[in-house]
2 protein chains.
Amino acid sequence: MRQLHLNLFVYPAGHHEAAWRFREAEPHRVLDITYYQELAQRAEAAAFDAVFFADGPALPDNVRYASRFRLEPFTWLSAIAAATSRIGLIATASTSYMEPYNLARLFASLDHLSGGRAGWNIVTTGAPEAARNFGLDEHPPHASRYARADEFVEVVSALWDSWEDDALVIDPDSGIFADDAKIHPIQHAGQWLRVQGPLNTPRSPQGRPVYVQAGSSEYGKAFAARHAEAIFTAHQTLDSARGFYADVKSRVKAEGRDPDLVKVLPGISPFIGSTEAEALALQEEFDELIQPEYSLRQLHRLIGVDLSGRDLDDPVPREELPTLEQRDYGSRFQLVVDIIERERPTIRQLLKRLAGARGHWVTAGTPEQIADRMQEWFLSGAADGFNVMPPYLNGGFDVFAEEVVPILRRRGLFRSEYEGTTLRSHYGLPRPESRYTASRRRSAV
Amino acid sequence: MRQLHLNLFVYPAGHHEAAWRFREAEPHRVLDITYYQELAQRAEAAAFDAVFFADGPALPDNVRYASRFRLEPFTWLSAIAAATSRIGLIATASTSYMEPYNLARLFASLDHLSGGRAGWNIVTTGAPEAARNFGLDEHPPHASRYARADEFVEVVSALWDSWEDDALVIDPDSGIFADDAKIHPIQHAGQWLRVQGPLNTPRSPQGRPVYVQAGSSEYGKAFAARHAEAIFTAHQTLDSARGFYADVKSRVKAEGRDPDLVKVLPGISPFIGSTEAEALALQEEFDELIQPEYSLRQLHRLIGVDLSGRDLDDPVPREELPTLEQRDYGSRFQLVVDIIERERPTIRQLLKRLAGARGHWVTAGTPEQIADRMQEWFLSGAADGFNVMPPYLNGGFDVFAEEVVPILRRRGLFRSEYEGTTLRSHYGLPRPESRYTASRRRSAV
């Protein structure tokens with residue numbers, strides 16, 4: 001029977017923008033590695049597929065009122081790997097602002113030291129601040145970022161194949177450490193990148209990390225159809241998620257790939273209470289902690305319009321919104337526009353709507369209700385699982401693990417224990433063969 | 001009383017080039033993180049200052065007969081950090097082939113998650129293969145690599161200062177998470193690099209990693225005098241080490257820095273036996289495992305002359321050696337030339353001489369003799385401590401820790417336990433103040 005896949009999306013104090021102010025949050029531990037190790041251990045105890053770290057190589061503005069610094073994923077996840085044994089470890093890393101050789105090394109190494117648990121959330125980096133940390137005046141436009149990303153994935157995939165699985169011999173008697181005939185320069189010379197290779201490490205347990213992707217723009221969806229094995233996405237409604245799911249799966253099929261081997265995982269940020277009223281009261285408690293000065297600047301970033309100084313109880317001025325084309329980044333902008341068109345909120349209502357999880361699905365209810373809604377999405381062609389985004393950590397995850405997960409298990413929707421040891425095995429994905437081994441095999445036939 | 005500083009230089013199966021073939025080596029664990037975690041734990045139990053990982057962003061040639069792959073230091077040391085609590089963690093990273101923003105993040109993060117134990121071995125990368133993994137046809141020459149390195153250190157130092165220590169406020173009541181007046185763009189625009197900043201993480205426990213440097217060329221020594229807090233170096237004789245030590249300390253002084261705050265740490269690769277004859281027999285056992293085809297190619301890399309096909313018992317043809325200027329990389333080439341001039345070895349003798357630890361000091365003796373020689377170097381102005389390079393691992397380290405370290409302790413030359421928790425405290429180095437805090441303090445006077 002088809003099963004849910006569940007990731008825990010880690011975010012310092014939790015996903016609600018005011019999480020760090022919540023009475024049960026642990027904001028003084030947001031730079032303490034043991035806080036994250038404990039969180040990953042709890043997610044592993046719940047048999048989650050993976051923990052996931054977002055990233056961006058710049059400090060966003062608007063740092064005064066919320067936790068906006070970044071945890072560097074490779075180092076953080078390596079330290080988490082050492083404290084866990086089964087859970088997958090998904091790091092976000094940028095094709096625009098890293099050298100492919102360096103990125104390939106970091107992931108191969110994370111996969112080695114975790115015994116095959118690495119996943120790569122492939123991003124082109126949407127934050128314009130990043131360019132100025134890397135010698136550029138202008139952030140490259142969407143189209144060229146994705147063109148480079150395609151070539152980048154090609155390069156690092158070849159690097160991860162460059163040592164065949166049996167290249168390591170390690171035979172003290174003969175004195176052969178490695179079979180150099182099975183270690184291949186990749187000799188890549190393309191439009192954006194030139195990389196000779198081979199990689200300087202043997203092939204890792206999974207061959208390469210699981211490829212994850214999260215862009216929902218046109219470019220993002222086309223890219224995902226070609227490369228992704230898991231897709232993170234943000235939807236406010238079942239309809240929106242179903243539309244996205246059908247669209248992506250058909251694009252995957254059109255690329256000649258198996259749609260079942262591409263897992264679509266929307267975000268969900270659940271407020272959980274023993275009654276629905278209690279859950280809604282909890283959500284309201286968070287929303288009371290919102291600082292409008294912060295939220296208005298976040299909204300400005302999302303939609304490109306500065307609404308500070310307006311009466312928060314006025315309706316959002318729809319006529320002032322830019323068009324999608326004017327924004328050059330697609331997915332999250334469109335989501336906000338959809339909310340505005342659908343709900344016609346006041347500015348204050350919109351701020352609360354987005355404070356929960358930056359545009360992801362926020363839902364409040366009893367454990368049974370949360371499980372019902374997840375099941376509905378899962379069974380009606382909207383999701384293969386979820387990126388779970390607790391409003392606060394670590395307690396907000398514990399409630400989910402203790403109250404919601406057992407219901408999903410009783411319904412046969414989620415594993416009780418791991419069957420395999422790698423992220424590929426959790427997601428039910430095959431281990432890719434090195435292209436060089438494949439080519440050798442073909443020529444031997 | 002002045003004390004020795006001891007690092008453990010980690011190298012997959014050990015530092016002798018044939019270590020992986022030795023009967024007590026564990027070559028099948030060279031990709032197993034627990035092997036390295038155990039090694040670091042043993043070094044920590046011995047109260048060593050640090051473990052040290054070399055690195056280079058390319059696969060060297062000559063992979064058939066020896067362990068030549070690379071362990072990516074940031075991931076590897078992060079996983080080691082999670083399994084230790086006091087020992088320093090020194091990662092090699094290249095100013096030629098990394099983006100400064102990315103490097104600054106990785107070290108800040110390693111310093112955070114280890115509680116202040118990170119060190120940076122600053123290299124410009126001497127391996128010409130590296131260039132071709134980063135889109136370049138030609139490896140940049142020594143001079144321009146060091147010019148970029150100077151600017152690179154300036155940039156990352158500013159990034160590490162960019163959050164003042166008290167920028168993090170985390171006050172749930174007032175809603176202030178960070179004091180943005182204490183987070184500074186660095187606005188760097190130089191000859192090689194343009195980086196706006198600020199870094200996207202708060203200042204780390206040590207402020208910045210300890211700066212380590214290992215080049216012994218003219219450029220390397222000048223660079224070290226400006227920046228280094230610890231210097232790794234290779235010397236075959238006490239005289240050579242004393243000359244280097246005096247030279248470096250006077251250069252440091254000429255830069256207006258305190259020579260006592262720059263620790264000079266030569267490599268030592270000790271073969272230890274209960275008698276001197278037993279130690280020499282152990283060394284001979286390793287040398288019997290050498291594969292001349294491998295060693296000749298390594299020698300070719302070092303001196304630029306291919307001696308394969310010659311009779312190994314012929315003298316090294318001194319007249320065929322290039323000059324230092326022709327080589328464009330200084331330190332290790334000069335060291336080999338010195339051996340040839342001093343000892344007039346046969347080719348076979350030279351191969352054995354270099355097999356032990358790639359040109360570092362190899363010495364065989366009883367624990368007492370090893371301790372005597374270290375003490376002599378330490379007390380006669382040749383060393384502030386050592387980079388210990390066991391011929392094989394992990395057993396070769398255990399012998400040193402169990403047999404030699406207690407003698408050094410009885411003589412009052414080495415600590416029995418750590419006094420502090422950071423690498424800076426082990427080395428007796430001050431924690432640098434953020435330049436922005438210093439400037440604020442000065443303008444307040």
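These legends go with close-up views of a predicted model.

Local features here need pLDDT of at least 70, side-chain atom pairs count only at pLDDT 80 or more, and totals for chains, interfaces and linings use all residues. Residues are numbered from 1 along each chain as its sequence is written, chains are lettered from A and ligands numbered from 1 in the order in which they are written, and side-chain values use heavy atoms, with hydrogens and water left out.

View 1. A rotation of 180 degrees, with 0.0 Å of shift along its axis, superposes chain B on chain A at an RMSD of 0.0 Å (least squares on the C-alpha atoms of residues with pLDDT of at least 70 in both). The two copies are thus related as by a two-fold rotation axis. In chain B, the C-alpha of A79(B) is nearest that axis, 2.2 Å from it.

**View 2. Strand β11(B) under cover.** Take a look at residues 263-272 of chain B: 10 of the 10 residues in this strand are buried (under 20% relative accessible area, 1.4 Å probe, protein chains only). Strands are DSSP runs (E, at least two residues), and helices are runs of H or I with at least four. One side of β11(B) includes L265(B) and F271(B), the other V264(B) and I272(B), and both faces are covered.

**View 3. Neighbours of β11(B).** Strand β10(B) (residues 230-233) runs parallel to β11(B), joined by four bridges, and I231(B) stands opposite V264(B). Strands pair if DSSP finds at least two bridges between them. β12(B) (residues 361-365) pairs with β11(B) in the parallel sense over five bridges, where W361(B) is the bridge partner of I268(B).

Note on methods. Buried means under 20% relative accessible area, exposed over 50%, partly exposed in between (1.4 Å probe, protein chains only).
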